[in-house]
Amino acid sequence: MKSLRFLITGLSLSVAAAAAHSAALTNANIDLRETLYQMSFADLTFAGARNDRSDVLHFHGGVGDSGTFGITGFPPGFAGVSVEPASGMSVSGLQPADASGVVRYTAAIVGPSAQTLRQSWINNGLLTSGVTAGGLRFLEFNSKNIGFLRPGGEFDFTVTIPGDWSTFGTATGDVEFLGINPDFSITRNFIYDAASDTTTFAAVDSNYRLNATDVDFVLYGAPVPEPQARAAMLVGLLPMLGFAHRRRRAGGSRS
């Protein structure tokens, strides 16, 4: 009977120890953040421009640690965020954006290794398109990422762009770099890779101080046809349209 009481007491102590070890999981548990933006568009008119974002967050902590995280800046009801945990993490309670535009989820550590998760969504809100005073189409990328990392942690930031954007300037096919938070060091300054036909911009802050990235650059695309050029094109098309119409009418009379 004494040995049975000893076993029960030991079991109770083990459960109590496990419960005591469980702690709140916060940004202070994130040692490394890897943010990647993948831009895409059809051509130099920037038609269908899209900006896919993913953050890989590397945590530290003990099994049982958990906490609620929020991603801000969405329209209420937005449900396009996915959160994928590695084997050492679990995710629950992912909900669409609330009335204040925040998507929340609960993350927990369930294993001693692979304590990472990836959160992803389409972030076209960082893209602005238009036409310059000189008549060129442009696409601006402006990121002000902040958070999801402990002070002193490492923030890796990368943008990939389809095509060759390795020439700096303000002409068609050029990129104009407008700035970045000086806490970040540029590691790939619009480097073109022919094998993948993509250009990469990358920077790192190895001693994060809770400051935004402030990455801002502009891509310059195709010129917009001047009104006279468009009118000339229409005038040139009119005889062809009339000829096609006559052929359709002639074809209809034979049937």
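A residue is called buried when its relative accessible area is under 20%, exposed when that area is over 50%, and partly exposed in between. By this rule Thr213 counts as buried, because its relative accessibility is 0%. The structure shown above is a predicted model, and this explanation begins with the chain as a whole before turning to single residues.

The protein contains two helices and 14 strands. Of its 255 residues, 35% count as buried. The contacts also show how the chain comes together. Among those between residues at least 6 apart in sequence, 71% join residues that are at least 24 apart.

Leaving aside residues up to four places away in sequence, Thr213 touches Ser143, Lys144, Asn145, Phe155, Phe157, Ile180, Asn181 and Phe184. With one of these neighbours there is also a polar contact: the side chains of Thr213 and Ser143 are joined at 3.3 Å.

The next topic is charge. Side chains of opposite charge can pair when their charged atoms come close. In this model the count comes to seven salt bridges. One of them is formed by the side chains of Arg150 and Asp31, with a distance of 2.7 Å from N to O. Arg150 lies in the loop between strand E9 (136-143) and strand E10 (154-162), while Asp31 belongs to strand E1, so this pair ties together parts that are 119 residues apart in sequence. Both partners fall into the middle class of accessibility: Arg150 is partly exposed at 26%, and Asp31 is partly exposed at 25%.

Another salt bridge joins the side chains of Arg209 and Asp183, here at 2.9 Å from N to O. This pair, too, links distant parts of the chain, for Arg209 sits in the loop between strand E13 (198-205) and strand E14 (215-223), and Asp183 in the loop between strand E11 (175-179) and strand E12 (185-193), 26 residues apart. Arg209 is partly exposed, with a relative accessibility of 39%. Asp183 is likewise partly exposed, with a relative accessible area of 21%.

Salt bridges that share partners join Arg33, Arg53 and Asp55 into one network.

Arg53 leads on to the open spaces of the model. Rolling a probe the size of a water molecule over the atoms shows where empty space is left. The largest pocket has a volume of about 380 Å³. Of the 21 residues that line this pocket, those closest to its centre are Arg53, Thr72, Gly73, Trp121 and Asn123. Strand E1 (30-40), strand E3 (66-71) and strand E7 (116-122) are the elements that give two or more residues to the lining.

Not counting residues up to four places away in sequence, Gly80 touches Ser120 and Trp121. Gly80 is found in the loop between E3 and strand E4 (82-85), and at 42% relative accessibility this glycine counts as partly exposed. How far apart in space are Gly80 and Ile122, which are 42 residues apart in sequence? Their C-alpha atoms are 7.5 Å apart.

The last topic is the backbone. Most residues other than glycine have a negative phi, and most peptide bonds are trans. Phe46 is not a glycine, yet this residue has a positive phi of about 60°. Phe46 lies in the loop between E1 and strand E2 (50-59), and this phenylalanine is buried, with a relative accessible area of 6%. Phe190 also has a positive phi of about 60° without being a glycine. Phe190 is found in strand E12, and at 1% relative accessibility Phe190 counts as buried.

Key
Residues are numbered from 1 along each chain as its sequence is written. This is a predicted model: local features need pLDDT of at least 70, side-chain atom pairs count only at pLDDT 80 or more; totals for chains, interfaces and linings use all residues. Side-chain values use heavy atoms; hydrogens and water are left out. On a 1 Å grid over the protein atoms alone, a cavity is a set of points where a 1.4 Å probe fits but cannot get out, and a pocket is an open set with protein on both sides within 12 Å along at least five of seven lines; lining residues have an atom within 4 Å of a point. Grid points are joined across faces, edges and corners, and a volume is the space filled by probe spheres set on the points. Helices (H or I, at least four residues) and strands (E, at least two) are DSSP runs, numbered from the N terminus. A salt bridge is a side-chain nitrogen of Lys or Arg within 4 Å of a carboxyl oxygen of Asp or Glu. Buried means under 20% relative accessible area, exposed over 50%, partly exposed in between (1.4 Å probe, protein chains only). A polar contact is a pair of N or O atoms within 3.5 Å; within protein, one must be able to donate a hydrogen and the other to accept it, and residues adjacent in sequence count only if both atoms are side-chain atoms. Contact means heavy atoms within 4.5 Å.
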